[in-house]
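Subject: Structure handover

Hello,

Please find the structure below. My notes on it follow.

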Amino acid sequence: MAERYDVVVIGSGPAGLTAAHAAARQGVRVGLVDAQALPGGQVWRHDVRFSAPAFARRCMQATLEHIKIDWLPQTRVVGAEPGRLLVEDPRSARWLKYGALVLATGAREVLLPFPGWTLPGVTGAGGLQALAKQGWPLAGKRVVVAGSGPLLLAAAATARRHGARVLAVFEQAERAAMLRFTRGLWRWPARVLQAAALRTQLAGVPYHFGSVVTAAQGEDALREIEVSGPHRQRRIACDQLAVGFGLAPNVELARMLGCQLEAEGAQQRVRVDARQHTSVPTVYAAGEVCGIGGRDSALIEGAIAGLAATGARTGIASLQRRRAQARAFARQLRETFAIGERVRALAQPDTLVCRCEDVTLGALDAHVDARGAKLATRCGMGPCQGRICATALAELGRAAGIAARPPLFPARLESLALAPADGVAPSLAT
Amino acid sequence: MSTCICVIVNGKPVEIVAGASVAAAVARAGSQFRRSRSGEARAALCGMGVCFECRVEIDGVPQQQACMLIARAGMQVRTDG
């Protein structure tokens with residue numbers, strides 16, 4: 001079974017939504033694919049208790065209700081060939097053919113290993129935010145938020161709204177870096193308001209700089225953490241630790257399609273031109289996958305990509321000017337919240353790095369290259385396919401070879417059986 | 001007021017707000033999600049379908065990501081935690 005769309009958009013966060021909408025307004029048929037059941041991506045993730053901001057609701061509604069757009073939820077891309085994608089939903093697998101493709105696959109959280117990070121009760125910062133919105137029980141729970149970046153404040157605010165007792169936020173960046181950042185913030189007035197609103201929601205929650213959670217302790221669940229601040233060390237009893245170190249672009253599908261990637265700090269992003277065109281004909285990319293830029297640049301880039309994917313010539317120039325401004329803010333954020341040496345040194349030789357296969361950092365020491373380490377230790381060979389450990393190892397400055405090998409996600413045999421003899425399935429054996 | 005549904009986690013009924021994920025139901029039941037290869041207890045980490053730490057068996061189908069699925073009334077969830 002195969003379906004064909006003029007434009008297929010992968011991901012229904014802000015970039016994917018505006019890409020689908022912009023393309024559909026040009027009169028073409030659009031398929032909007034997302035692995036989640038509901039649209040919004042991470043930043044506009046559905047909250048079981050609180051409704052989304054009005055602007056987000058309008059944006060989602062305008063796209064999903066557009067007559068030229070087919071909404072394809074709970075659909076994961078597991079394989080790719082030129083011009084078509086192998087997708088799987090809870091019931092079946094099929095090929096989706098496209099005239100043009102827009103990758104709006106967003107980003108995931110950078111989760112770095114430290115002693116105790118595998119304990120139940122330790123989640124990502126964005127991770128806890130996502131779980132809270134899914135109805136994860138937080139009422140009355142003692143929550144500590146730590147790591148780096150503006151997401152910490154958003155995560156803390158969400159946890160609090162869901163009834164958590166947020167004990168503190170620990171930011172690894174130094175106070176001086178934060179002050180420099182704040183002084184330059186006047187150039188983005190909307191961000192000042194956003195930051196102020198978050199601080200109001202977090203009234204009474206201490207926000208510490210230059211502070212790192214060095215260990216989490218407990219038997220089968222988190223009980224206590226150790227925090228190293230600029231002046232002292234302390235222990236804090238808590239039920240949940242939400243710790244994240246910023247975001248990394250989800251480039252796996254782009255890599256499989258052969259799109260050129262470029263460095264973004266220790267991670268990689270998809271290289272695009274001014275029209276969001278990747279190095280592969282008919283493949284465009286927008287939003288976080290092109291580098292962490294936040295919601296505003298995602299909205300703008302999605303619209304550019306959607307127009308460009310239909311071959312439109314007008315309407316793009318003004319969007320390109322707005323994109324430059326939005327992207328400049330992201331650069332400031334990156335400098336301010338750059339991961340410090342202290343964080344990179346947290347993992348000990350006996351700290352697990354690969355959580356799927358229980359491989360310690362020390363076990364990797366004997367291997368000179370990533371491939372050797374992988375073959376000998378199975379590091380990166382579990383179901384997450386290295387999405388957690390390779391991202392972390394890259395941040396720690398260690399080689400982490402991730403191949404663009406199908407399937408992109410663990411898939412059912414029935415799905416792989418759909419792949420042609422020279423396509424997805426045989427690669428599994430190599 | 002939001003309605004609640006009942007999900008069965010490891011044989012135990014759990015009330016959860018309609019629209020909540022299976023991961024939220026397992027957490028509410030107080031169950032672990034899985035044991036790692038070396039026997040460690042694990043639970044949801046990323047909340048967005050990346051890490052696979054929250055995988056459980058749902059209605060007899062193993063290896064389902066609990067954070068990616070909305071709980072349905074009467075769903076039978078099993079964890080190996």
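**Helix 3 of chain A**

Helix 3 of chain A has these buried residues: A:Ala125, A:Gly126, A:Gly127, A:Leu128, A:Gln129, A:Ala130, A:Leu131, A:Ala132 and A:Lys133. Buried means that 20 or more other C-beta atoms lie within 10 Å of the residue's own; exposed means 12 or fewer, partly exposed is in between, and C-beta atoms are placed from the backbone. Helices (H or I, at least four residues) and strands (E, at least two) are DSSP runs, numbered from the N terminus. With 9 of the 9 residues of helix 3 (residues 125-133) of chain A buried, this helix is largely enclosed by the rest of the structure. What covers it? The cover of its buried residues includes strand 7 (107-109), strand 8 (122-123), strand 9 (142-147), helix 4 (151-161) and strand 15 (240-244) of chain A, together with helix 1 of chain B. Just after helix 3 of chain A, A:Gly135 takes a positive phi of about 100°.

**Conventions and confidence**

This is a predicted model: local features need pLDDT of at least 70, side-chain atom pairs count only at pLDDT 80 or more, and totals for chains, interfaces and linings use all residues. Residues are numbered from 1 along each chain as its sequence is written, while chains are lettered from A and ligands numbered from 1 in the order in which they are written.

pLDDT is the predictor's confidence in each residue, from 0 to 100. Chain A averages a pLDDT of 93, and 96% of the residues score at least 70. Over residues 421-430 of chain A the pLDDT is below 50. Beyond near neighbours in sequence, that stretch has 14 contacts in the model. Two residues are in contact if their C-beta atoms, placed from the backbone, lie within 7 Å. Where pLDDT is low, the predicted coordinates should not be read in detail.

**Between the chains**

In chain B, 31 residues are in contact with 31 residues of chain A. Strand 2 (12-17), helix 1 (22-29) and strand 4 (41-42) of chain B are the elements that give two or more residues to the side touching chain A. Helix 1 of chain B gives the most, with 4 residues. By class, this side of chain B has 18 nonpolar, 8 polar and 5 charged residues. Here Ala, Val, Leu, Ile, Met, Phe, Trp, Tyr, Cys and Pro count as nonpolar, Asp, Glu, Lys and Arg as charged, and the others, Gly among them, as polar.

**Domains and cores**

Chain A is assigned domain 1 (2-108 + 248-334) and domain 2 (113-244). The bounds come from an automatic or database domain assignment. The C-alpha centres of the two domains lie 29 Å apart. 10 residues of domain 1 of chain A are in contact with 13 residues of domain 2 of chain A. The domain 1 side of that contact divides into 4 nonpolar, 3 polar and 3 charged residues.

A nonpolar core is a set of buried Ala, Val, Leu, Ile, Met, Phe, Trp, Tyr and Cys residues joined through C-beta atoms within 7 Å. The largest has 97 residues; A:Val145, A:Leu241, A:Val353, B:Ala23, B:Ala25 and B:Val26 have the most contacts inside it. Domain 1 and domain 2 of chain A both give residues to this core, so it lies between them. A second, separate core of 63 residues includes A:Val8, A:Tyr98, A:Leu103 and A:Val283.

**Helix 12 of chain A**

In helix 12 (residues 370-377) of chain A, A:Ala370, A:Ala373 and A:Lys374 are buried. They cover an arc of only 100° around the axis, which puts them on the same side of the helix. That arc is taken from the directions from the helix axis to the C-beta atoms. The buried residues of helix 12 pack against helix 11 (361-364) of chain A. The face turned away from the buried side carries the exposed residues A:Arg371 and A:Leu375.

**Single residues**

A:Val43 is in the loop between strand 2 (30-33) and helix 2 (54-64) of chain A. A:Val43 is buried, with 21 other C-beta atoms within 10 Å.

A:Gln74 has a positive phi of about 50° although it is not a glycine. A:Gln74 is partly exposed, with 17 other C-beta atoms within 10 Å.

Best wishes
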